[in-house]
Amino acid sequence: MSQNNQTQYDDNNIFAKMLKGDIPYHKVYEDDKTLAFMDIMPQAKGHVLVIPKQKAVDLADLEPEYAAAVLMTSKKVMAAQRQVFEREGVIQMQLNGAQAGQTVFHYHVHLVPSSIHELGRHAVTQADNAELAVQAEQLAAAIYA
């Protein structure tokens, strides 16, 4: 259970299912502690989520080594987003708890190549699957180059 809220980790949340290989996703990057993938309901083109491979509802639950790994993966993804989408601005968001807007209760960071003025609403429109696949390949190629 989280130190600062009453939400318990749900082993059936969508990100847990992704980590178990139960549902498909468009992988951008993966290492032993993190996974980065395309958001299927993006707020802007190139919207990526970074999650730890630890059962953590929010930041209060996250072990320091996983928090550090999420930040390091985020840096790699942001560099790739800037290159692939030719954007300087990348919005980094991390929401803790339902009142703050968290909808999947597995710790995650949103990396959105956009400006605050261009940012669309989250979870409104599902992106084209083929377009997400291309973006994931482009970002992965930039990271591993």
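**Fold, core and selected residues**

Student: What share of the 145 residues of the protein counts as buried?

Tutor: The model is predicted: local features need pLDDT of at least 70, side-chain atom pairs count only at pLDDT 80 or more, and totals for chains, interfaces and linings use all residues. Residues are numbered from 1 along each chain as its sequence is written, and side-chain values use heavy atoms, with hydrogens and water left out. Buried means under 20% relative accessible area, exposed over 50%, and partly exposed in between (1.4 Å probe, protein chains only). Of the 145 residues, the buried share is 42%.

Student: Which pattern does the protein follow along the sequence?

Tutor: Helices (H or I, at least four residues) and strands (E, at least two) are DSSP runs, numbered from the N terminus. The protein has three helices and five strands. Their order is α-β-β-β-α-β-β-α.

Student: Why does the protein count as compact as a globular protein of that length?

Tutor: The radius of gyration is taken over C-alpha atoms, and the globule rule is 2.2 Å times the number of residues to the power 0.38. For 145 residues the rule gives 15 Å. The protein is as compact as a globular protein of that length because its radius of gyration is close to that, at 14 Å.

Student: What percentage of contacts between residues at least 6 apart in sequence join residues at least 24 apart?

Tutor: Contact means heavy atoms within 4.5 Å. Take the contacts in the protein between residues at least 6 apart in sequence. The share joining residues at least 24 apart is 64%.

Student: How far apart do the centres of the positive and negative side chains lie?

Tutor: Lys and Arg count as positive, Asp and Glu as negative; His and the chain ends are not counted. Each charge is placed at NZ of Lys, CZ of Arg, CG of Asp or CD of Glu. There are 12 positive and 17 negative side chains, and the centres of the two sets are separated by 2 Å.

Student: Which elements give two or more residues to the largest nonpolar core?

Tutor: A nonpolar core is a set of buried Ala, Val, Leu, Ile, Met, Phe, Trp, Tyr and Cys residues joined through side-chain atoms within 4.5 Å. The largest has 23 residues; V28, A36, M38, V48, V77, L111 and L139 have the most contacts inside it. The contributing elements are β1 (27-30), β2 (34-38), β3 (48-52), α2 (64-84), β5 (109-112) and α3 (129-144).

Student: Which residues does V77 touch, not counting residues up to four places away in sequence?

Tutor: V77 is among the residues with the most contacts inside the largest core. Leaving out residues up to four places away, its partners are V28, A36, V48, V50, L111 and I143.

Student: Is E86 buried or exposed?

Tutor: E86 sits in the loop between α2 and β4 (91-93). Its phi is near 50°, a positive value in a residue other than glycine. Its relative accessibility is 71%, so E86 counts as exposed.

Student: What is the C-alpha to C-alpha separation of R82 and S114?

Tutor: R82 belongs to helix α2. At 38% relative accessibility, R82 is partly exposed. R82 and S114 are 32 residues apart in sequence, and their C-alpha separation is 10.0 Å.
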